[in-house]
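Subject: Handing over the structure

Hi,

Here is the structure I promised to pass on to you.

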Amino acid sequence: MTQPTVLVTGGAGFIGSHLVEALLADNFLVRVLDNLSTGKRENLPHHPNVELIVGDVADPNVVQRATQHCQAVAHLAAVASVQASVDDPIGTHQSNLVATIQLCEAMRAANVSRIVFASSAAVYGNHGEGQAVDEDTPKAPLTPYAADKLASEYYLDFYRRQHGLDPVIFRFFNIYGPRQDPSSPYSGVISIFTERAQKGLPITVFGDGHQTRDFVFVQDLVAVLMQALKAPRATHQPMNVGWNQATSLNQLLQIIQRVLGHLPTVDYTTPRPGDIRHSRANNERLLTHYRLPTPATDMHEGLRRLLGK
Ligand code: NAD
Ligand code: UD2
């Protein structure tokens, strides 16, 4: 029996490369479409079952070639930096919305229906103080990044109703793990804190450190994405991906200190403009449809694995 092929857009990136590894382990053929704008070839294993197409999902010729004869698509390609979308709304719009529409058109022509899409908690904006956010919370995208994620959700639903597309939409909260790039001041806070702690460089906390996030270790997210790619039938309602657990930056620093045995200087400065103070996912809808790894990778275990301890 020929092995099924899954297309992973953004597969050379942080989350995408972990999904590629899981697909290979499950005996899929994997096709990656990535323009290497932030992704890296070295994130991908050298494996006969991985094909890398270096190109832009927004390019109709490229994406039509990439969708040929695949069983499902994981659409992770995007400019994931909120700041980049603020600085260059038109440029990032190509990757964060036009690309999604081009992909939908290509899937329609290639008769491919299942698409698993990486949306973001950003669609909720600054959603209330501290309580868990459920999927029916009013959407309040505050940035071009968030607006393009929400618009992508609406386009996927249009292609479902009009052309039989079979989308599974996840709103990722804060994902962390190996290969998350710490090089930008806007990289994920855990990638920045752990890299600087390992190098003994001072850490900057924007605010008092009591701000909280719902952190998900990348391998736990990938376990959900794998189920969504393989499920015979899938719900089309967007689902939050989080643990409904709030971890503050100060707690994060305490755990890093416990795992590493030391911590560099920590400077507390003013909060970032527009920063969300508390973010936590009501994940009941996800738990209804998917089996989560039990136990979920808790912060101490996730940081231990990330820090190689
Ligand atoms: P990442 O930057 O590592 O991965 C994005 C990948 O997409 C990169 O490999 C990049 O080169 C590629 N890419 C970007 N634009 C492209 C284009 N036009 N054509 C082809 N490839 C393109 O970021 P990540 O953290 O792995 O994010 C993966 C997805 O998850 C993104 O859609 C992001 O918005 C979403 N997400 C991530 C988080 C998080 O906490 N990391 C939270 C919410 C949503
Ligand atoms: C995440 C996403 C963003 C968007 C948003 C929606 C990432 C990297 N960011 O932003 O794309 O989806 O969620 O809610 O995926 N911080 C410090 N010091 C540092 C770095 C960060 O104090 O050196 C703080 C930062 O001000 C914020 C918290 O850490 O209060 C988390 O920052 P983040 O960029 O990791 O994640 P977030 O939730 O702000």
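Below are my notes on the ligand site and the salt bridges.

This is a predicted model, where local features need pLDDT of at least 70 and side-chain atom pairs count only at pLDDT 80 or more, while totals for chains, interfaces and linings use all residues. Residues are numbered from 1 along each chain as its sequence is written, chains are lettered from A and ligands numbered from 1 in the order in which they are written, and side-chain values use heavy atoms, with hydrogens and water left out.

Let's start with ligand 2. It is surrounded by 21 residues (each with a heavy atom within 4 Å of it), and the closest include Phe206 and Arg213. Domain 1 (5-175 + 216-241) and domain 2 (177-213 + 245-281 + 294-307) both contribute to this shell, so ligand 2 lies between them; the domain bounds come from an automatic or database domain assignment. A backbone N or O atom of Phe206 is 2.8 Å from an oxygen atom of the ligand, and a polar side-chain atom of Asn174 is 3.0 Å from one.

Now for the salt bridges (a side-chain nitrogen of Lys or Arg within 4 Å of a carboxyl oxygen of Asp or Glu): the whole structure has 16. In one of them, Glu135 pairs with Arg285, with the closest N and O atoms 4.0 Å apart. Glu135 is buried at 6% relative accessible area, and Arg285 is buried at 16% (buried means under 20%, exposed over 50%, partly exposed in between, with a 1.4 Å probe and protein chains only). Asp136 joins Glu135 and Arg285 in a network of salt bridges.

Best wishes

Terms used. Polar contact = N/O pair within 3.5 Å; in protein donor to acceptor, adjacent residues only side chain to side chain.
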